[in-house]
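Q: I am new to this structure and would like to learn how to read it. Could we go through it feature by feature?

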Amino acid sequence: MLQKKKSKLLKRLRSGLSKSRTNLSYQIKNVFQREKITDEVWDDLEAILIGADIGMDATLAIVDDLKKQIKTEHIFDPGELKEFLKKELIKELNTCPNKINPSNLGDISIILMVGVNGTGKTTSIGKLAAQLRGEGKSVTLVAADTFRAAAIEQLQKWAERSGSNFIKHQRGADAAAVVFDAIQSLRAKGSGVNIVDTAGRLHTYVNLMEELKKIKRVTLREADGIPVLTLLVIDATTGQNGIVQAKAFHEALGLDGLILTKLDGTAKGGIAIAIQQQLGVPITMIGFGEEIDDMGPFKAEDFVEALLD
Ligand SMILES: Nc1nc2c(ncn2[C@@H]2O[C@H](COP(=O)(O)OP(=O)(O)OP(=O)(O)O)[C@@H](O)[C@H]2O)c(=O)[nH]1
Ligand SMILES: [Mg+2]
């Protein structure tokens with residue numbers, strides 16, 4: 001059963017990442033189908049990897065290793081090179097292992113979902129809630145995006161779809177006050193997961209980042225020992241700006257994990273490698289579509305498999 005579920009997940013991930021895959025696989029194949037491996041070939045490979053948003057540092061490290069391998073092991077077959085490249089990418093991704101996943105959340109916890117406007121916070125909350133409900137957990141969605149029109153209603157729909165509880169105040173109310181109420185209710189119940197939806201905000205707006213810091217302060221104070229996870233949602237299609245966002249949010253709040261969304265809409269799945277390498281924060285989950293089951297845990301092996309095969 002678990003195996004069946006896993007292969008379904010891998011299939012969805014593969015079809016989600018097909019844009020990245022077609023691009024990367026096709027270009028890499030082309031590069032290595034030339035007769036001789038010249039400096040130009042290496043330059044082209046570098047350009048492909050950087051173009052896939054893998055990032056400069058990781059690209060240089062990978063190409064360097066690849067050159068050495070070719071020298072010592074006399075590898076010229078493109079097929080073998082692909083396997084080696086896969087191993088290299090997995091190695092890069094595993095420098096920051098993902099320790100959090102929905103299944104190892106304790107009986108009681110709070111998740112704060114943060115990020116720039118439109119990255120997929122609310123959708124990811126809905127998907128995560130559905131997974132947790134599937135594991136038999138009691139889930140409450142907390143409408144702390146009191147700012148955007150229809151944000152409360154949007155979250156309420158996800159609560160209904162996933163079979164979660166729902167806590168809201170009026171639109172325009174203090175976001176920290178909603179969080180406060182939700183934690184009191186969680187305490188009274190004694191178990192369950194609160195997932196807090198926050199308003200999207202640009203990482204460059206000082207006041208909005210201050211508001212988010214306040215939400216986190218209130219959460220930590222009221223949680224009083226209940227584990228709190230802060231997850232940043234990043235839209236993979238934004239490319240390198242995702243790294244800038246991640247750095248700013250990490251500095252302001254301290255992040256426990258990242259959710260990388262919209263991998264179905266980009267040819268740049270390589271951003272996962274650059275972000276983890278530069279930030280040291282693990283990617284916890286990945287989103288690859290708009291449906292409720294279009295999200296899965298991030299696993300380096302599966303990700304690279306889906307990217308390159
Ligand atoms: N293709 C695709 N679309 C997604 C994914 N995740 C979210 N979306 C879509 O992205 C749009 C924005 O998603 P939301 O969940 O509302 O994003 P948000 O971060 O909550 O937005 P704000 O609350 O306005 O900041 C919606 O149309 C979602 O359906 C994904 O993994 N793939
Ligand atoms: Mg939202």
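Q: Which residues cover the two faces of β2, and are they buried or exposed?

A: First, a caution: this is a predicted model. On one side of β2 stand V139, L141 and A143, and on the other T140, V142 and A144; all of these are buried. Since 6 of the 6 residues of β2 are buried, the strand is largely enclosed by the rest of the structure.

Q: Which strands does β2 pair with, and in what sense?

A: As a general idea, strands of a sheet pair through backbone hydrogen bonds, in either a parallel or an antiparallel way. Here β2 is joined to β4 by 6 bridges, and the two run parallel. Within that pair, T140 has N194 of β4 opposite it. With β3, β2 pairs over 3 bridges, also in the parallel sense. V142 has I167 as its bridge partner in β3.

Q: What is the order of the strands in the sheet?

A: The sheet is open and has 8 strands, in the order β3-β2-β4-β1-β5-β6-β7-β8, with mixed pairing. At its edges stand β3 (165-167) and β8 (295-297); each has a single partner strand, so one side of each is left without a neighbour in the sheet. On average, neighbouring strands of this sheet are turned by 25° against each other, direction ignored.

Q: How does β7 pair with β6 and with β8?

A: Strand β6 (residues 257-261) and strand β7 (residues 283-287) run parallel and are joined by 3 bridges. In β7, M285 is the residue opposite I259. On the other pairing, 3 bridges join β7 to β8, and these two run antiparallel. There G287 stands opposite M295 of β8. As for burial, 5 of the 5 residues of β7 are buried, which makes the strand mostly covered.

Q: Which helices lie across the strands, and at what angles do they run?

A: Helix α6 lies across β1 (108-114), β2 (139-144), β4 (192-198), β5 (228-235), β6, β7 and β8, and runs at about 170° to β4. Helix α7 (residues 151-162) lies across β2, β3 and β4, and runs at about 175° to β2.

Q: What span does α6 reach, and how many of its residues are buried?

A: The general idea for a helix is that it has 3.6 residues a turn, so residues three or four places apart point the same way. In this case α6 has 14 residues and reaches 20 Å from its first C-alpha to its last, close to the 20 Å expected at 1.5 Å a residue. It is mostly covered, with 12 of its 14 residues buried. Among the buried ones are K121, T122, T123, I125, L128 and L132. Just after α6 comes G136, which takes a positive phi of about 85°.

Q: Which residues come nearest to ligand 1, and which helix gives the most to its shell?

A: There are 22 residues around ligand 1, and G120, T122, T123, G200 and G287 come nearest. Helix α6 (residues 121-134) gives the most to this shell, with 3 residues. Sorted by class, the shell has 3 nonpolar, 12 polar and 7 charged residues.

Q: Where is T219, and what does it touch?

A: T219 lies in helix α9 (residues 206-223). T219 counts as buried because it has 23 C-beta neighbours inside 10 Å. Leaving out residues up to four places away in sequence, T219 touches I110, L112, V179, I183 and V228. For T219 and V179, the separation is 40 residues in sequence and 6.8 Å in space, C-alpha to C-alpha.

Q: What phi values do D224 and K262 have?

A: In general, most residues other than glycine have a negative phi. D224 is a residue other than glycine with a positive phi, near 45°. K262 also has a positive phi, near 60°.

Q: Where are D224 and K262 found, and is each one buried or exposed?

A: D224 sits in the loop between α9 and β5. With 8 C-beta neighbours inside 10 Å, D224 counts as exposed. K262 is in the loop between β6 and α11 (271-279). K262 is buried, as 23 other C-beta atoms are within 10 Å.

Notes. Residues numbered from 1 in each chain as written. Chains lettered and ligands numbered in written order. Predicted model: local features only at pLDDT ≥ 70, side-chain atom pairs only at ≥ 80, totals over all residues. Helix = DSSP H or I, 4+ residues; strand = E, 2+ residues; numbered from the N terminus. Buried ≥ 20, exposed ≤ 12 C-beta atoms within 10 Å, placed from the backbone. Contact = placed C-beta atoms within 7 Å. Near = placed C-beta within 6 Å. Nonpolar A, V, L, I, M, F, W, Y, C, P; charged D, E, K, R; others polar. Pairing = 2+ DSSP bridges. Axes fitted to C-alpha atoms, helices over the stretch in contact; angles between N-to-C directions. Expected span 1.5 Å × (residues − 1).
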